[in-house]
Amino acid sequence: MAALLVDETTHEAPRQNGRGGSTRQRQPWSHVLLIILAAYFLIPLWWLVVASTKDINGLFTGAHGPMWFDAHFNLVTNIKQLSTQNGGLYWRWLGNSFLYAFTAGVGATVLAVLAGYGFAKYKFRGRNLFFAMLLGSVMVPLTALVIPTFVLLARFHLTNTIWAVILPSLLNPFGVYLMRVYAQDAVPDEMLDAARIDGAGEVRTFFSVALPLLKPALVTVLLLSVVGTWNNYFLPLAVLSDTKLLPITVGLGAWQAQSTSAAAGSQLWNLVVTGSLISIIPLIISFLVLQRYWQSGLSLGSLK
Amino acid sequence: MKRSLAVGTAAVGLLALTLGACSSGGGGGTSSSASSGGGGGTSSSAAGAAGSCTNKIVKPGAKQVTVWAWYGAFEQVVDLFNKSHNDVQICWSNAGQGKQEYTKFSIAVEAGTGAPDVVMLETDTLSSFTIRKALVDLSKYGAADVKKNYYDRVWKDVSSGDAVYAIPVDGGPMGMFYRKDLFDKAGITTPPTTWDEFAVDAQKMRDSGSKALFTDFPTNGGAYLQALFAQKGSAPYTYTASNATDVSIKLNDQGSKDVMKYWQGLVNKGLVGTDDTFTTDYNTKVVDGSYAVCLTAAWGSGYLSGLSGTDPTAVWKAAPIPQWSASSPVQINWGGSTLAVTSQAKDKTAAATVAKEVFGTEAAWKIGIEKGAMFPLWKPILESSYFTDLAYPFFGGQKINQDVFLKAAQGYKGFTWSPFQNFAYDKLTEEANAAVVQKTKSTDDAIDSLQKAVVDYAKSQGFTVK
Amino acid sequence: MTNPTVTGAHAALPVGERTPRAVVALNPRVGHDRRRQRFGWAFVAPFAVVFAVFLIAPLGYAFWLSLQTKTLAAGTHFSGLGNYKQAFSDPLFLQGVWLVARFALILIPLQMLVSLIAALVLDNLTTRLSRFARLAIFVPYAVPAVIGALMWGFLYSPRFGPLKSLFGLFGADAPFLLSPQNVFGGLINVVTWQWAGYYMIIIYAALRGIDPSIYEAARIDGAKGWQIATRIKVPMISSALILILVFALIGTLQFFTEPQVLRPVAAGSINASYTPNIYAFTLAFSYSQFNYASAISFALGAVVFFGSYAFLFLTRKKNGLS
């Protein structure tokens, strides 16, 4: 943490606010705004944290209302119950989400970076047509694609397997768009030409010149792909029926449906709430890990 | 930098895989471990596209039949079956409850692959699937063997002429659960037996200063509302799978209109609530004293006892559902499920065996009744003294079957559903909500609009509407 | 800076030797450049393969489905554009389109404003508060919609939510934010909460790519903080902004997840055809009318197409897509 601080401040030193020449950042209004925003975005999550510490009765008849803790701190019991419900199925779901999100996330980012770079820096025949198709294809809602995708996967006997979720999730048209825009702005053609003149092939140029410049964009797309796949609900719901393969979203959704249904002994609210809280933590960690890469994109100035 | 990112990600992915493997192997309990066919990927055994099983297969050489069902404590019933059968084994998974499972099944039917061999279907959805040729006629697979174990009307609900499309499992005869302690406080000494008395008692409860509403009238009740209408003579559909393109629709009969008007009266007087059913709000209100009465089916006992936020001083009792006419009572039913064999089943004989026999023993039913709060339609246990004398602790030891539900089940005359029931339910919810909650139209108009909408829809779907 | 519209061939020659086309055609180096341009396909190919298999092929099949009609009672028959005629005269579809259009008009500016201001402020600060705020604004995006809906179901609940106590302080009755009158606003709140962080991250990353020496130059010229923000930063990331706006528009017109998962707790307000996408979903998975559902989806796609291309056309100078 300290290293990060040092890194940032040395980078940040030239970037002062516009008022006077002071190096200390006195921007009270900005801080007030940030506090308000942070509060707005965090209050529902605060509810989640508090709710996870309650047992199932406390959720509904809590002593101090929904936003404050009960007398009885039940978090540890809840977590223990998570591990015994359905034989620890929750952790299996969490593992599945990891698998899908990181495999598909990394894969989608690789495809998006390559394609975005290709669109941005090369004028090949059919480029504009293909790009228009790309934009057009996301206009039809995915609802229409469920059955055809299912049929397609079934033809290759891939339904109800991990590939049923991973393969379609490799598609991130928005990521391709983003990378194209970033690549256009952040990778100067002169640098590419310089490398080419030096005798580097296209691939080498890409890896040694373009990729370092695209780091903040790449990290952004990676983060968004991972989160997008992690949070995907409808695709796994449609193509998976084996409860052991479900990601955490579908699994918790199933427990939630069970808790509102009429079947006997099915109330799992405390698990749904605690499970939701735990499932957010990996993404928060990913964000914290990846955010450092946003700092180092400054060095090779792109837009002049 | 990207390399270290890649390494880091791979490490995380590896961790995830180990995490997954650990929890499945070391998870303990009764429900771990995949089938002998292999882990989380496609199982090349007869389990087919439905994947690995939640339960254990004890006879690996036998034919495997995949089953989708969401019964409570079903795994124990499956284990019982697998232990006692050498030639057939059940591979069960819970593919979701109600609509979730139906969505998955619907996709599989449309895609022509991915359906299980046996599927749990509520009685009101059968026609929607027979019309898509998704279910097998079990009369060719020995359904007649078990016919004697069910009441005629129950059998009629799963048949169409000579064809039998599902084996009945459980039912939902309706009754009334009430809070005796709240009744006592309000000075209501005996529970109401007619709807007139019901209205009077509701008023009495309000007048006594009780904070509780008498009961709830959920406009999204769907089959619940349909049952209330049926009690006053509504029989809206005439439809058989053998004559699949003809349907007659009479939703706007006087009985339905009368029932709607009755409940609107109670709502307008502020005596009953209009919460949607099966939401978290409703699930707590029903047990914490916000409502004094819960009109529900026999499986409601399991539902109520499983809810949280229960008022610990509550005293729940069961009574027969109020009647429109004390001299000619009409029994009604809400819910109830069946097991059907799908047309995608590879070995239909084995699948039929499963459907016929999984809930065909006393031992299986004892599990279903005690752990799953199911109401059996299987005569040997339904008419046994075990079931008649069963005391339910939630009701303070009351023998609710003896007092309420056996009679309700015996008196139930059956019901015919349409092959587009989802559409009909959605429209009913909209119209009931418009009339009773939003008060933008009268209940009569709402029922008439419902009739028109459903008739138009049926016609647009190619049915000949009589 | 390199003008992105300059072709690769020109850029290969030293500045000052931008030669007319005829000469370029005869230049042997140009042939080399053409081959190099085709390398672009190599970069795009991996994505193109997955795209063709998992998007184009299913789209094609879905379109073919939409050209047929299958009724529950009768069988399937080819009906050409019959489904589309029905869709564009279907009051449920048209009402849904009107709803999502209104939604887009209100939600998108609101969301963009919040995200943009947040990103600009965060770009300026490096205090611990700013880093914490950045995380705080992002986290809602990390919450899956299913869980978010669960949370909002509880928070909006007249019984369990904090609104009751909050309004009770003022002696007023808490409004039910999922009632038919309020559900529009209730959904706007949920979506803003869920997605503002997503857009903020993208804008923020774009801002990080700007060379800070530009600000130095501007400050020397006497520009103040907010002037730098509006006159320099925003124009420089305009291509990213427009990109986000287009995708936000597409996403909003296809509005599905949040109302669908909130339906169980708002049965009176959110019905089976609340948005066109929900209507398509209901048709397919509740009523088993897959062909008509497909047609509705493509009809919605057509609406989205016109909406986005109109928007892109209006912003064609700034969108960085040449």
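In this predicted model, 93 residues of chain A are in contact with 97 residues of chain C, where two residues count as being in contact if their C-beta atoms, placed from the backbone, lie within 7 Å. On the side of chain A that touches chain C, helix H2 of chain A gives the most, with 12 residues. Helices here (H or I, at least four residues) and strands (E, at least two) are DSSP runs, numbered from the N terminus. If you sort this side of chain A by class, you find 57 nonpolar, 24 polar and 12 charged residues. In that sorting, Ala, Val, Leu, Ile, Met, Phe, Trp, Tyr, Cys and Pro count as nonpolar, Asp, Glu, Lys and Arg as charged, and the others, Gly among them, as polar.

Before we go on, a word on how to read the model. Residues are numbered from 1 along each chain as its sequence is written, while chains are lettered from A and ligands numbered from 1 in the order in which they are written. Since the model is predicted, local features need pLDDT of at least 70 and side-chain atom pairs count only at pLDDT 80 or more, whereas totals for chains, interfaces and linings use all residues.

Now look inside chain A. Its domain assignment gives domain 1 (27-73) and domain 2 (86-297), with bounds that come from an automatic or database domain assignment. The C-alpha centres of these two domains of chain A lie 30 Å apart. Eight residues of domain 1 of chain A are in contact with seven residues of domain 2 of chain A. On the domain 1 side, helix H2 (28-52) and helix H3 (56-61) of chain A are the elements that give two or more residues. Here H2 of chain A gives the most, with four residues. That side of domain 1 of chain A has five nonpolar, one polar and two charged residues.

Let us turn to chain B. Its domain 1 is made of 42-171 + 336-388, and its domain 2 of 173-334 + 416-465. Taken over C-alpha atoms, the centres of these domains of chain B are separated by 29 Å. Between them, 17 residues of domain 1 of chain B are in contact with 18 residues of domain 2 of chain B. Helix H4 (residues 126-130) of chain B supplies the largest share of the domain 1 side, three residues. By class, this side of domain 1 of chain B has six nonpolar, 10 polar and one charged residues.

Finally, chain B also meets chain C. This contact takes 27 residues from chain B and 20 residues from chain C. The chain C side divides into 12 nonpolar, seven polar and one charged.
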